[in-house]
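Dear colleague,

Here is the structure I said I would pass on. My notes on what I found in it follow below.

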Amino acid sequence: MCGIVGYVGKRPATELLINGLHRLEYRGYDSAGLAFFTASGAIRVIKQAGKVALLEKKLIETTDATERENAHLGIAHTRWATHGLPTEENAHPHTACSGEIALVHNGIIENYASIRKQMESHGCVFSSQTDTEALAHLIGAYYKGDLLAAVSQALKKVEGTYGIAVISVHHPDQIVVARKGSPLVIGVGENETIVASDVSAIVSHTRQVIYLQDGDIALVTLAGPQIFTLDNATVHRPVATIEWEIGAAEKGGFEHFMLKEIFEQPMALQNAIRGRLDMALGTAILSGLNMTPRELATVQRLIIVACGTSLHAGMVGKYLFEALATLPTDPEQAAEFRYCNPILGPNELVVAISQSGETADTLAAVRESIQKGALVAGLCNVVGSTIAREAGRGVYLHAGPEIGVASTKAFTAQVTVLLMLALKLGRCRRLSREDGLWLCQEITAIPSMIEKVLAQSHAIEVIASKYASVSNAFFIGRGILYPTALEGALKLKEISYIHAEGYQAAELKHGPIALLDEHFPVIALLNDLPGKEKTLGNVQECRARKAPVIGIVTEGDHEAEEVCNDVIRIPRTSQYTAPVITAVALQLFAYYVARARGCEIDQPRNLAKSVTVE
Ligand code: AGP
């Protein structure tokens, strides 16, 4: 959703805040703003609709260098609109008490309408349609000389989610921050403190961070944070060390983060696999699970909760767990799961998949599962994220930061980790050591297989440019390739805005085939695996309606090549690794179509990297 950042220290704050916003822009990018102290002690607020770069331009044009040089404390925000259009008025920070208090907020104040009415009855004048402004005025109403106390009292009246940073003209050396439901991290530096929605805005200044937890409020000065509950009880939170370098959050010479992250997959998957395969016992070592083979053997059903691309990985997981571990597996859309009063018990293992570890619906599904007494494990990429911490056990992807909004390396790492988990659960059941060893070989070969697909990138680009002007597309596959087709469609949809749908290949005949014509391409996953013959039949049905067919085909499979208009060749794989290898080809196809259409690939319209509200 939104990204917030704050700074107090000895360095010029505005430049640092703007750089922090650039790093957080993947979280939301429809408007931005910052607030800082002027030499006269007043709070200066500058806001702009559109990207952070426009705000930066406005800052330079409307302030002088001395003013910026002398500002050593400030807060800033990049927005993903929930309430009110992405305009300058609705951009954050929002102020109260004629500008004496300024606030930036990530989340949703659900009871903002009643707070607004109450504040208006006290004479407060609102200048925006946002939920956040109501909180700013509420803090103002409670302010009696102690900013921390005023924010605590106001937050007790709030329903919803928040990560906030607040400043006041009466406290030019303080920032008050608090979180409930939205992430907030504090970076502890030498004579300076940075607060942000995630570590990507902090890592270039310090690697020592504190993850605030729900219900925490902190008084932040350049000496560091003091953390309390809303009832003013002191809270201790451990200092953690960020494990990745700032370079990981830069484009490294690639045109887009998405392309960089696609080409990073061999290395990212090596990191996800490293030290996790036992080549003697033919099983996987997933110490973060913290479960003995005996405990794993008692698991009778697996439930996977996730959203978007992570749910597609979970749907691939169903095929892996049922085939390799004979374990009934139900992938569930988290937003449905959290409200359907799920039937869970002590012998169910709930696996929550989330790249960011902050997706609100998946987090709520985790909390509901814990409430129901199920075993819960998190499968996350962001270390220290809320889902990872609250699940209490799980597996980190180690894929490195994923900045592009369209998830790529996280998907392939998620499926690879699910494959290792299925191997481990299988070896606690009927899977033999020989089969386990074979699977370890298969998994070890994934990075080099991906290299072979990346080597096809130019050929894929040529095909993609040919289809860049279409308005619709179908992706079809069978078995474990069905959720892979869903993922291919999602990638094309979210970055090129082409209306794409994924289907189980046989499903077309039950309606969707009515849409096909010569302008409606079908991307068919024709990997040389069980079910291919049937999919070839479905391809013939599409061709009979003049639909052009792009085949993802196993190299050397001429039978499949013959039925396609265009062919993307990938190496031969087993069905267990096919979704990973095929996904890379589909990611490249989507990327090159979107680039040919001139789309904003890293920050697609209307999207955000981590969905922290319902
Ligand atoms: C994928 O490209 C999208 N960005 C989106 O569907 C994403 O997968 C979904 O929001 C889940 O995010 P998570 O993995 O961080 O929970």
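I began with the ligand, where a polar backbone atom of Val-405 sits 2.8 Å from a ligand nitrogen. Please keep in mind throughout that this is a predicted model. On its own the ligand has 410 Å² of accessible area, and the protein covers 92% of that.

Two elements, helix 10 (308–325) and helix 18 (481–496), each give two or more residues to the shell around the ligand. The largest share, three residues, is from helix 10. There are 14 residues around the ligand, and those that come nearest are Ser-310, Ser-354, Ser-356, Thr-359 and Glu-494. Sorted by class, the shell holds eight polar, four nonpolar and two charged residues.

Next, the aromatic residues. The structure has five aromatic pairs. One of them is formed by Trp-438 and Tyr-576, with ring centres 6.1 Å apart; their planes meet at 75°, which is over 60°, so the pair counts as edge-to-face. Trp-438 is partly exposed, at 40% relative accessible area, whereas Tyr-576 is buried, at 15%.

Phe-474 and Tyr-503 also make an edge-to-face pair, with 5.1 Å from centre to centre and 80° between the planes. Here Phe-474 in strand 22 (residues 472–477) is linked to Tyr-503 in strand 23 (residues 499–504), 29 residues apart. The relative accessible area of Phe-474 is 2%, under the 20% limit, so Phe-474 counts as buried. Tyr-503, at 22%, is partly exposed. Ring pairs join Phe-474, Tyr-503 and Phe-520 into a cluster.

Last, a loop residue. His-171 is in the loop between strand 7 (162–168) and strand 8 (175–180). Is His-171 buried or exposed? Its relative accessible area is 11%, which is under 20%, so His-171 is buried. Beyond its neighbours within four places in sequence, His-171 is in contact with Phe-37, Tyr-143, Gly-145, Asp-146 and Leu-147. The C-alpha atoms of His-171 and Gly-41 are 9.5 Å apart, although the two residues are separated by 130 residues along the chain.

Regards

Definitions and conventions
Residues are numbered from 1 along each chain as its sequence is written. This is a predicted model: local features need pLDDT of at least 70, side-chain atom pairs count only at pLDDT 80 or more; totals for chains, interfaces and linings use all residues. Side-chain values use heavy atoms; hydrogens and water are left out. A residue is near a molecule or strand if one of its heavy atoms lies within 4 Å of it. A polar contact is a pair of N or O atoms within 3.5 Å; within protein, one must be able to donate a hydrogen and the other to accept it, and residues adjacent in sequence count only if both atoms are side-chain atoms. Accessible areas come from the Shrake-Rupley method with a 1.4 Å probe; for residues, only the protein chains shown count as cover. Helices (H or I, at least four residues) and strands (E, at least two) are DSSP runs, numbered from the N terminus. Ala, Val, Leu, Ile, Met, Phe, Trp, Tyr, Cys and Pro count as nonpolar, Asp, Glu, Lys and Arg as charged, and the others, Gly among them, as polar. Buried means under 20% relative accessible area, exposed over 50%, partly exposed in between (1.4 Å probe, protein chains only). Contact means heavy atoms within 4.5 Å. Rings of Phe, Tyr and Trp (its six-membered ring) pair if their centres lie within 6.5 Å; planes under 30 degrees apart count as stacked, over 60 as edge-to-face and the rest as tilted.
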